[in-house]
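Thanks for making time this morning.

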Amino acid sequence: MSKFISTVLGLVLLLVPLQSLAKATAMKNLCTITINSNEEAELFKKHLAPANWNVIELVPSTANAASKSWFNEACQKNIRCDVLIISGHFGGTFFGSSKFSLSMQDLESNSCDQKCDGILKQPREVFLFGCNTLASKEKDHRSPEEYMQVLLSDGFSTTQASQIVSFRYSGFGDSFKHSMTQVFATTPRIYGFTSVGPSGKKIAPLLSKYLVDSATEYQNFEAYDKKIGAGTNQKLMTAMKVTTIAQARGLIPKLQDADEKPYCYIRSAKKTTTQKLTYIKSLFQDSSAIKILSHIQSFLHEIKSKPQALTDEDHKILSEFAEDEKLKKDLFALLKLEGDVYLPLKTDVLNTLKDLEIVNNAFVTEAMNKMIDLRSPFTEMRKNMLCSLQLRINIPFASIPAERWNELEFLSSLVCIKPQDLAIQKRIAQLITEATSATVRGTAIWFFYSQPTVDAEIQKSIATSLRTDSDIYVRQSAAMVLRQLKPTSPEVIRIIIEAYSAEKDPNVRAQTLNVISALK
């Protein structure tokens, strides 16, 4: 018996260090997504005990590896995060000096994929270090136009900035707060900012104090997490009280299936088109469709491009949309938003109305002409908005006030929207030889690069500027456009050859020779 006891005791003593080792290796993972400043991530690395925490950076280390798929690739690695930190400028997309970006659309679409559960579903705490990451729809201290300028100064494209402003200030889309609580649906503690967030350098002393005061909690993270649950992290709120810090919890704590999220349901391969259309109909009935209108529009546009795949039931539901008065009221209300910053938003609404067969092409054309607002002077912002749409808009020549033709911003807008009206093209051709500004003359020429013409008189105006214009930029523009147009008129070709013979500038002379070579 004593021999048996000794053997058992020996086994017990042998297991003790193994159990201790198992406990020691049960480390937690801190995942970082460093899009801009790395101060936040470095502070966590400094204050979290290496014996308790692995630190995993999810953003690739080299900028030349940047691609739209980097986050998807991170999800494929089966990484499980206990705490997640995302740092970067934010306004619907995280971006910054790393040249990488992470948009809400990236986060939302990946939250529908089980392969990303370890990053988006597993964390018990998520720190969103960026402006507006937990912003509601309440008014900010800046006007939409002021906020637009802030975003443009921060490096957003006009299209991105307009969409961000539209989400932040209008009834379109969801609030960033609600979107984040859907993406991190099971996370009990999500931290972010309701407006402007502090820079990495300014947040450093505040975050350092929090991490020093919370050392015990992070050393015993499981016990801490179990105790606090979704309760307020008072130490963080106190340390960051001079900022717009806020805390939220995941919207669906007991999420079983990603399809519980509206945009995941619409994306789901497990649902039929009929089921999705029926679901969208219910969303419009309770006014929640507006929150995910961009997802709905993408889906509708996709199925409308393949009408042969639609069933009789699908067509029936689509026809019912056109009879839904509440749906029409909600969408038409968005068209009443005033301000150039809303042009891309209102274009999306018009496309949705068209895909739902609520309006026809004639209505869309008329509405677009109203949105352009030819009555008031064109601004840089309006020009940028119109160019960001990448749409052809057929504005009628008769509706253009005479004073618009003196505005470079208006002419630049025409280059982008490519009107088909021949009267407009003739008027632009007049500017090639009549405008006093070389920039206007050059812009008028470039219109016919984006909107090629076979009209011999217009081609003659461009060729004449190549021969006689005093500005090198204008002559270079004329040569490049003529090379694209490849005129066949003997008179136009004669003028081009004369321009080559008379040209003094070697670069313009070489470009003119290229035009002549292209004619052969």
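Let me begin with helix α4, residues 104–111, which lies across β4, β5 and β6 and runs at about 65° to β6. Before I go on, please bear in mind that this is a predicted model.

The three strands under discussion form an open sheet in the order β4-β5-β6, and the pairing in that sheet is antiparallel. Because β4, residues 89–90, and β6, residues 101–103, stand at the edges with a single partner strand each, one side of each is left without a neighbour in the sheet. Strand β5, residues 93–95, is joined to β6 by three bridges, and if you look for Phe-95 you will find that residue opposite Ser-101 in β6.

Now to the other sheet, which is also open, has six strands in the order β2-β1-β3-β7-β8-β9, and shows mixed pairing. At its edges are β2, residues 53–57, and β9, residues 245–248, each of which pairs on one side only. With direction ignored, neighbouring strands here are turned by 15° against each other on average.

Which residue in β9 is the bridge partner of Tyr-191? That partner is Gln-247, and the strands concerned, β8 (residues 189–193) and β9, run antiparallel and are joined by four bridges.

Finally, helix α11, residues 221–228, lies across β1, β2, β3, β7 and β8, and the angle at which helix α11 runs to β8 is about 85°.

Definitions and conventions:
Residues are numbered from 1 along each chain as its sequence is written. This is a predicted model: local features need pLDDT of at least 70, side-chain atom pairs count only at pLDDT 80 or more; totals for chains, interfaces and linings use all residues. Side-chain values use heavy atoms; hydrogens and water are left out. Two strands pair if DSSP finds at least two bridges between them. Helices (H or I, at least four residues) and strands (E, at least two) are DSSP runs, numbered from the N terminus. Contact means heavy atoms within 4.5 Å. Axes are lines fitted to C-alpha atoms, for helices over the stretch in contact, and angles run from 0 to 180 degrees between N-to-C directions.
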